[in-house]
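Work through the following exercises with the sequence and the 3D view at hand. Each task is followed by a solution in steps.

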Amino acid sequence: SWNAYKQYAWGQDQLKPLSKTFRNWYNESLLMTPVDAFDTMILMGLKDEANETKELIFNKLFFDKNISVQNFEITIRLLGGLISAYQLDGDNRFLDLAEDLGTRLLPVFNSKTGMPYRYVNLQNGELRDSINNPAEIGTLMLEFGMLSKLTGNSVYYDKAKHAITEVYNRRSKIGLVGTQINVETGEWANTDSHISGMIDSYYEYLIKAYLLFDDSDFKTMYDENISAVNKYLLDSTSTGVWYAHADMNTGEKTQTVFGALDAFMPGMLLLGEDLKTTEKIQESCYKMWTHFGIEPEEFNYKTFEVTAPYYILRPENIESAFYLYRATSNPKYLEMGKTFFDSIIKYCRIDEGYTSLKSVLSKEKMDSMESFYLAETLKYLYLIFAPEETLDLQKYVFNTEAHPFKKIEKSK
């Protein structure tokens, strides 16, 4: 996968493996794939590739660009990647880049509520898109929080914590959050509640922020949110145990769809120490994968009809199996890992690298290899089979892009 990127997309954001070309997110490259892939190389011991990538990053990556970027994606991929690179490699230039980027992203929090806008211009701080969602608002806490811990500047931690708390404070009377919210007025723009995209990593970052920063406020918020999620969204059916969609105000179920992104849930529930629910949901997630040979983006879990047929090399199912194997040593989770690995080789491998699927039903290919495939999918596949000391989960917490952040010991 990396050699294909090097051959056809070197210095660009991502490879398009079918056409052997590349795609940049904006009008110039932000080295999305190299930054995302760097810590995977370190963990795998790919020293030559890591050194070459490091040289590319320091020669070519800078953020003084007149482009409007999506704060959430840039935070989890680039800011997260740079912080992890600094912690694993030790080169101060990674932290300098991270601090410069973090400072350029800070204007997003300049709303009446302190919840961030979706887009910010890296050069002039211009903002757009005031209708945001819990995931994009909350999934900044680990990266901005780590930046504060590493630089000694508390502004990043404080603004990110304020933002995620503002979402929490606007939960409904029954404890659920919706899909979209206006960051200026604080009013919900969409009251659909679920654990899928646009909400998912809001929950994930509450428990992970508690584990990474030992800040009990996050544990309180997580426990409150998850008890509501399990009360109103958990759905036991003849096909398995899943999470439904419901109205955030009434708790009335509205849709029975579940998908690739939702498969992060077992791993997160495990971090929250709910092994019983974790194991039930992972059985369902595995069934979703094996039923189609590889998982669809979304399907109706009651009828098994596919509602979004593509597979873009997502990692979440693998991630959850990795956490379960680490926690239980049960070989069935290792077997799941092997199933996932074999499926990706069978259906996604091409002459040059690996590619996404337009449909898991027809297995027709699509011209895309997202940077998270190298950052997350391959990392979790590697770690599920690697010795535990490769990465100690007592010392590290993964951001949602699988960048490992090392817990900072409190000075006595």
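A cavity is a set of grid points where a 1.4 Å probe fits but cannot get out. The model used here is predicted.

**Exercise 1. The cavity**

Task: Find how many cavities of 30 Å³ or more the structure holds, and state which residues line the largest cavity.

Solution. 
Step 1. The structure holds one cavity of 30 Å³ or more. The volume of the largest cavity is about 30 Å³.
Step 2. Its lining is made of E204, K208, F264, G267, M268, L271, E319 and Y323.
Step 3. Sort these residues by class: four are nonpolar, one is polar and three are charged.
Step 4. Assign the lining to helices. At least two residues each come from α9 (200–213), α11 (265–271) and α13 (316–328). The most is given by α11, with three residues.

**Exercise 2. Helix α8**

Task: Check the span of helix α8 (residues 155–169) against what its 15 residues should give, then find what its buried residues pack against.

Solution. 
Step 1. The expected span is 1.5 Å times one less than the number of residues. For the 15 residues of α8 this should come to 21 Å.
Step 2. The buried residues of α8 are Y156, Y157, A160, K161, A163, I164, E166, V167 and Y168.
Step 3. Their packing partners are α5 (92–105), α6 (134–138), α7 (141–151), β8, α9 and α10 (216–232).

**Exercise 3. A residue in a loop**

Task: Locate E401 and decide whether E401 is buried or exposed.

Solution. 
Step 1. E401 lies in the loop between β19 (396–398) and β20 (404–406).
Step 2. Buried means under 20% relative accessible area. The relative accessibility of E401 is 2%, so E401 counts as buried.
Step 3. Leaving out residues up to four places away in sequence, E401 touches D36, I76, R77, S371, F372, A375 and E376.

Definitions and conventions
Residues numbered from 1 in each chain as written. Predicted model: local features only at pLDDT ≥ 70, side-chain atom pairs only at ≥ 80, totals over all residues. Heavy atoms only, no water. 1 Å grid on protein atoms, 1.4 Å probe; cavity = no way out; pocket = protein on both sides within 12 Å on 5 of 7 lines; lining within 4 Å. Points joined across faces, edges and corners; volume = space filled by probe spheres on them. Helix = DSSP H or I, 4+ residues; strand = E, 2+ residues; numbered from the N terminus. Nonpolar A, V, L, I, M, F, W, Y, C, P; charged D, E, K, R; others polar. Buried < 20%, exposed > 50% of the residue type's maximum accessible area, 1.4 Å probe, protein only. Contact = heavy atoms within 4.5 Å.
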